[in-house]
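This report goes through the structure shown below, starting with the surroundings of the ligand and then turning to the domains and a pair of helices.

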Amino acid sequence: MTPDTDNQANIATPDNTPQLQAFRAIVESRRSVRRFTDTPIPDDVLADCLRLAMLAPNSSNLQPWEFYVIDNADSRKRAVKNCMNQNAAKTSARLIAVVARTDVWHDHAKQILREYPDTPVPKKVKDYYTKVVAMDFLRGPANVVSVAKWSAIQVVRRIKGPIKSPYYTFEDTKNWATNNTALAAENLMLALRAHGFDSCPMGGFDEPAMKRLLKLGDDHHIVMMIGAGERADNGVYNTQFRFDQTQFVHYV
Ligand SMILES: Cc1cc2nc3c(=O)[nH]c(=O)nc-3n(C[C@H](O)[C@H](O)[C@H](O)COP(=O)(O)O)c2cc1C
C-alpha cells in the first residue's frame with residue numbers, strides 16, 4: 001500500500017492562491033479531445049497519472065477499480081473497432097479500459113488488514129473490515145442473506161433511527177463499484193491534463209466485445225474507455241458550455 005507521503009491538509013485557501021489557480025487551469029482546460037497528435041505518452045507519465053487516479057476517494061478504501069492499458073497492436077486494433085472506430089480511440093496514444101470490480105471487496109478487505117500502515121492494526125479497523133464490510137456486501141446464495149439483512153435494517157431503522165442501507169443485490173454492488181471507479185477515471189483525466197496531455201471518456205463502445213477482448217468476467221464492468229494523447233489542433237469539436245448552476249444546485 002502506498003503511504004500517505006505529503007498530507008497538506010492545512011493549505012491556506014484565500015481566493016487566488018497558486019494552488020487554486022493551478023487547479024482551475026487544469027479543470028478549465030480539460031476538454032473531451034477527439035483527435036490526438038502522434039506524440040506518445042511516456043510510460044512514466046502514464047504511470048504517474050494512474051497513481052494519481054488511484055488516489056481518488058473510494059468507499060472504505062476498498063479500491064474496486066482496474067485499468068487496462070491496451071498497448072498490444074492487435075488488441076488495440078480490435079479495441080478501436082469496439083469503440084465504434086471513434087477518432088478519440090483511433091488517434092489516441094494510449095487507450096485505457098477503466099473497469100469496476102464487484103468481486104474484490106472481500107479480498108481487498110483482507111489486504112487492507114495485511115497492509116495497514118499502522119501496527120498493530122487498531123481493533124476498530126479490524127472489526128470494521130471483518131464484520132461491517134462483510135455485512136455490507138454479503139448476499140448469500142439466491143440473495144438469502146440480503147432478505148435477512150433487509151428485514152433487520154427495517155427493524156433497526158424504526159427503533160434506532162437512521163442507518164445506512166447495505167448492498168442487497170448485484171446491481172447495488174455494481175453501482176457501488178462503478179461510483180468509485182468513475183471518481184478514479186476523473187482523476188486520471190485531470191492528471192493527464194496536468195501533465196500536458198488530454199483525454200476523451202467514451203461510453204460509446206461494445207461492452208460484451210470489449211470484455212471478450214480483455215478476457216474479463218461477469219464481475220468486471222467497463223465503466224468507460226479513455227482515449228488519451230496530445231491534443232491535435234482540430235481535436236476539440238465544439239465550444240464548451242454548461243447549463244446555469246441554478247438549475248442544478250439546491251441550497252436546502
Ligand atoms: C460517461 C461518458 C461517456 C462519454 N462517451 C463519449 C463517447 O463515446 N464519445 C465521445 O466522443 N465523447 C464521449 N463523452 C464525452 C462527452 O461528450 C463530453 O464530456 C461532453 O460533451 C462535455 O464536453 P467536455 O468534456 O469537452 O466538457 C463521454 C463522457 C462521459 C462522461
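## Ligand shell

The shell around the ligand is made up of five nonpolar, five polar and two charged residues. The model is a predicted one. The residues concerned are R31, S32, R34, Q86, A88, C200, P201, M202, G203, G204, M224 and Q240.

Strand 3, residues 198-202, contributes the most to this shell, with three residues.

## Annotated domain

The UniProt record, an unreviewed entry, lists residues 28-229 as "domain: Nitroreductase".

Four residues from domain 1 and four residues from domain 2 form the contact. On the side of domain 1 that touches domain 2, one residue is nonpolar, three are polar and none is charged.

## Helix 2 and helix 8

Helix 2 (residues 43-53) and helix 8 (residues 170-194) cross at roughly 140°, and their axes come within 7 Å. The crossing is right-handed.

Helix 2 supplies D48, C49, L50, L52 and A53 to the contact, while helix 8 supplies A184, N187, L188, A191 and L192. Of the residues in this contact between helix 2 and helix 8, eight are nonpolar, one is polar and one is charged.

Notes. Residues are numbered from 1 along each chain as its sequence is written. This is a predicted model: local features need pLDDT of at least 70, side-chain atom pairs count only at pLDDT 80 or more; totals for chains, interfaces and linings use all residues. UniProt positions are given in the numbering used here, feature names are shortened, and annotations may be inferred rather than shown by experiment. Axes are lines fitted to C-alpha atoms, for helices over the stretch in contact, and angles run from 0 to 180 degrees between N-to-C directions. Helices (H or I, at least four residues) and strands (E, at least two) are DSSP runs, numbered from the N terminus. A crossing is left-handed if the near helix is turned anticlockwise from the far one by less than a right angle, and right-handed if clockwise. Two residues are in contact if their C-beta atoms, placed from the backbone, lie within 7 Å. Ala, Val, Leu, Ile, Met, Phe, Trp, Tyr, Cys and Pro count as nonpolar, Asp, Glu, Lys and Arg as charged, and the others, Gly among them, as polar. A residue is near a molecule or strand if its C-beta atom, placed from the backbone, lies within 6 Å of it.
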